[in-house]
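Please look at the sequence and the model shown here, and then follow the explanation that comes after them.

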Amino acid sequence: MTEQKENTTGLWASIVREMRQLVSRPAYVLCMVVAPLFCCLFMFSLMHEGLPHKIPVAIVDQDHSSSSQDFTQQLGALESVDVRYKLNSFTEARELMQSGDIFGFLMIPEGFEAKATAGRQPEISFYTNNAYYIPASLLYKSFKTMSVLASGAVVRQVLLATGVEESQIMAKLQPIASDMHALGNPWISYSVYLNNSFLPGLLQLMILLVTVFSIGSEIKHATAREWLRTADDSIIVAITGKLVPQTIIFFAVGLFYVAMLYGYLHFPMQGNIWHMIAAMFLLVVSTQSFAVIIMSIAPSLRIGLSAAGLVGVLSLSIAGFSFPVPAMYLPFQAMSYVLPVRHYFLIYVDQALNGIPLYYSRWHYVALILFAVASTPLLPRLKKALMRQIYVP
Amino acid sequence: MKLFHSIKIGLADIYYIWRREYRAVFQDFGVILFFFALPFVYPIVYAAVYNPEVVREVPMVVVDNARTPLSRELAREMDATPHAHIVSYCANMDEAKRMMHEKNCYGILFIPSDFSQKIERGEQSVVSFYSDMSILLNYKGFLIALTDVTLNLGGQLQTESLGGATQEQINVAAQPIPYVSVNLYNPESGLASFLLPAILILILQQSLILGIGMLAGGIYEHHRLHLFYSGREHMHNNVLHLVIGKALCYFSLYVLCTAYILHFIPWLFKFPQIGSQVEIYSFAVPFLLASIFFGMTLSVFVRERESSFLLFVFTSVIFLFISGITWPRYAMPEYWQWLGAIIPSTWGIEGFVRMNTAGAGIYDVRHAYTMLWILTGVYFVTTCLVYRYQIWKDKKRGHSGVLESE
């Protein structure tokens, strides 16, 4: 009798019970394994080039001289630019821009060559479609480089003609040069930049949804009491039994991310890989705890999922992956620090991208550990709700 | 006469379903949240997050080993740009790095000790900048500031070296071919003005998918599908009536949401809004219809009200990236272009951004507009097929009862 009881209740029994539930519903498999892996492959293959190359542009050449044609050719030789159209008027170029065929264009005015040789400063103008951020900033850079080079070429001719030596030309052209070091990401790769933050962000979203769903379903299907009975009426055992199998699966997915990012794709990993593996584990556990907090405060499947979805989706913006947190309004700055993935992101910046001593990331590890235990004081409240098991549609 | 009669019955039936669906929507608090609260709140939250638009005065430090008037001027001019703000002058690189590790600054300007000497000797002088790469916007600001400052200061030095030349001669010597750069449609290069139009379209589509999915999940869960067909066998094509009736309900409910999201929000937050509103509304029609039928088709996968969340929330991120607003569509692998092409939001975003932000007319976005009508047609057919399939499956289970008896 007692032996049989030990087999049907307790921590192991709760774990087994949860594993049965996880495999019985395709939605779980989809959200815990298929979706995170799909997102990972999607993002990597989408941006495998690192930067979009060959951005389609147009040239409005109103000069039709050999200089303007040289200029066009040089522009076309850049890897970032694809000169798709050679046009005669601004209007044509604007229309192509509005219909989305090009992301920018450059205008060479009439009399360009004549003015340049006579020293009457012909003006080059370029237009970028800043409704599309990434192509626009890359184009801006290419257009600007070309324009500066065009000036340089003319000055060079003049200087050579006046007898300045070749070796002194650079100093005359550009007395002060700047040498920009993009620390950790010298290729300025968007793939490195976006995937290191968005993938953990997506994982956080899936963990929040699945954890809330798995707890809320017990209430909805009125199996919460049975769940507690399996755990000998201990909410600690019940929650542990439910979450441990999920922790293992999500952590395995997280390890896959880490292996893909720093192993297979060789993204910058200047520090110790174990620091990132630890951070990934803490991200999984702290996010699960976050979801338990949500369910303890609002023990309803629908409200819980709404909150989890809201937090998960907004995290991608508020955690400051693309728009820096210090530039946000104060309430959002404060909010960003109650998101586990924000701390994970800052650990990534310190440990993987910049490879600085662990000491500087200490508070973010502490924050993640605090998240992980923060749900414990709320568990009695969750237990009460589980005993009532009232489902609100 | 017989044809006339059956059309009349058909219309009456569609109208009946339409009315029933209103009741279903308004009796379901979860769906009300999706259809009204979500489209109302999310745009405001997103707009507020990105509302500062640009990043200004990013903290940086200077390591000035030259300590000459010229090196100090260089640092001062860097500080004077809107992009950077010097928080400290450090004695050496170690100190500067420590500042960076403690997140007190995101960039280090290093001026070597022979900075001014080199210039005096007529050699090119190089300054180095080390930028943190955790946020690309910071890097971009630093890069623009550094390039402008070094070019301007260099230009002044050239001018001085010419001594006695007229201003015109100086201009010609320093920059024989000047250039102007124009940021079209988003003059500040603001992040909100760029990202929000896409997010707005996505909110419309995703709230529809989530809400329709939840309704369908409820019907599946409570075995209520039979209520929509049993006792109504005299109606031919009642799948058609069912699909059209429901779609009319969602469409009519979303007229208000669309006006709020695509018209009011950009106005409220002063995003670029230069398109013709009438044309944007006419563009929104196929977008809404395609999204509705897309949602109705996808709803076949929802077996439980709440699985709607699990199945569809994460797709928002995928749909945003696949739309090409961040990573341009032409630069994607072909298979993702194809996948993107069958998602209504891809064309919705493309058309809306061009019309609203870039002021294109509906004729300029005819490709997106046509694609949306094609998707409307395709998803209408798939919706009818999945409804037919579901009814067929449901009939095999042998439920019975009529809708009115509910």
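Two strands are said to pair if DSSP finds at least two bridges between them. In this predicted model, strand 3 (residues 107-111) and strand 4 (residues 125-131) of chain B are joined by four bridges and run in the antiparallel sense, and within this part of the structure Ile108(B) has Tyr130(B), in strand 4 of chain B, as its bridge partner.

These strands belong to an open sheet of five strands with mixed pairing, whose order is 5(A)-4(B)-3(B)-1(B)-2(B). Its edges are formed by strand 5 (176-182) of chain A and strand 2 (84-90) of chain B, each of which pairs on one side only, and the twist from one strand to the next averages 25°.

Helices of chain B lie against the sheet. Helix 3 (residues 69-80) of chain B lies across strand 1 (58-64), strand 2, strand 3 and strand 4 of chain B, at about 140° to strand 2 of chain B, while helix 4 (residues 93-101) of chain B touches strand 1, strand 2, strand 3 and strand 4 of chain B and makes about 165° with the direction of strand 3 of chain B.

Turning to chain A, its domain 1 consists of 2-47 + 189-388 and its domain 2 of 55-173, with their C-alpha centres 50 Å apart. Helix 3 (residues 26-46) and helix 11 (residues 235-264) of chain A have axes that come within 10 Å and cross at roughly 15°; because of this angle, helix 3 of chain A is roughly parallel to helix 11 of chain A. The residues of their contact, including Phe44(A) and Phe250(A), comprise 15 nonpolar, one polar and no charged.

Definitions and conventions
Residues numbered from 1 in each chain as written. Chains lettered and ligands numbered in written order. Predicted model: local features only at pLDDT ≥ 70, side-chain atom pairs only at ≥ 80, totals over all residues. Heavy atoms only, no water. Helix = DSSP H or I, 4+ residues; strand = E, 2+ residues; numbered from the N terminus. Axes fitted to C-alpha atoms, helices over the stretch in contact; angles between N-to-C directions. Contact = heavy atoms within 4.5 Å. Domains from an automatic or database assignment. Parallel < 35°, antiparallel > 145°, perpendicular 65-115°, else oblique. Nonpolar A, V, L, I, M, F, W, Y, C, P; charged D, E, K, R; others polar.
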